[in-house]
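Load the model in a viewer and keep the selection tool at hand.

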Amino acid sequence: MMYANLTGQKLEKIQQLEKELGVYLLAAPHYKNLSPDDLKTIKDLEGKLGAVLVAYEA
């Protein structure tokens, strides 16, 4: 798994937004484009798990 390497002002902006929204954000270098069917499959599983899944380019 690759995470985006953020420093300085970029990291500060993300941390401020996390604080404002009360959430944690995951920064990846790029995301995976998924078909509507794939997205539905993920959403269905998220509902069963009670969790949010993040899809990114492997």
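Buried here means under 20% relative accessible area, exposed means over 50%, and partly exposed is in between, with a 1.4 Å probe and protein chains only as cover. This is a predicted model, in which local features need pLDDT of at least 70, side-chain atom pairs count only at pLDDT 80 or more, and totals for chains, interfaces and linings use all residues. Residues are numbered from 1 along each chain as its sequence is written, and side-chain values use heavy atoms, with hydrogens and water left out.

**Whole chain**

Start with a cartoon view: the protein has two helices and zero strands. Both kinds of element are DSSP runs numbered from the N terminus, helices being H or I with at least four residues and strands being E with at least two. Switch to a surface. The accessible area is about 5,300 Å², and carbon and sulfur atoms hold 57% of it; areas come from the Shrake-Rupley method with a 1.4 Å probe, and for residues only the protein chains shown count as cover. Of the 58 residues, 3% count as buried. Among contacts (heavy atoms within 4.5 Å) with a separation of 6 or more, 55% join residues 24 or more positions apart.

**Helix 1**

Select residues 8–21, which form helix 1. From first C-alpha to last, its 14 residues reach 20 Å, close to the 20 Å expected at 1.5 Å a residue; the expected span is 1.5 Å times one less than the number of residues. One of the 14 residues is buried, so helix 1 lies largely in the open. Now move to Gly-22, which follows helix 1 and has a positive phi, near 70 degrees.

**Helix 2 and its salt bridges**

Next select 36–49, helix 2. How many salt bridges are there? The count comes to two, where a salt bridge is a side-chain nitrogen of Lys or Arg within 4 Å of a carboxyl oxygen of Asp or Glu. Show the side chains of Asp-44 and Lys-40: they form one of these, at 2.9 Å from N to O. The two residues lie four apart in helix 2, about one turn. Asp-44 is partly exposed because its relative accessibility is 38%.

Then show Glu-46 and Lys-43, whose side chains meet in a salt bridge at 3.6 Å, N to O. Because they are three residues apart in helix 2, about one helical turn separates them. Is Glu-46 buried or exposed? Glu-46 counts as buried because its relative accessibility is 11%, whereas Lys-43, at 57%, counts as exposed.

A polar side-chain atom of Glu-46 lies 2.8 Å from the backbone nitrogen of Leu-53. Val-52 belongs to the segment after helix 2 and, at 71% relative accessibility, counts as exposed. For one distance to check, pick the C-alpha atoms of Val-52 and Ile-42, which are 10 residues apart along the chain and separated by 9.0 Å.

**Surface patch**

Finish with Leu-17, Leu-21, Val-23 and Leu-25, which make a nonpolar surface patch of about 320 Å². Patches are made of residues with over 30% relative accessible area and no salt bridge; like charges are joined within 9 Å, and nonpolar side chains (Val, Leu, Ile, Met, Phe, Trp, Tyr) within 5 Å. Leu-21 lies in helix 1 and counts as exposed, at 53% relative accessibility.

Conventions: A polar contact is a pair of N or O atoms within 3.5 Å; within protein, one must be able to donate a hydrogen and the other to accept it, and residues adjacent in sequence count only if both atoms are side-chain atoms.
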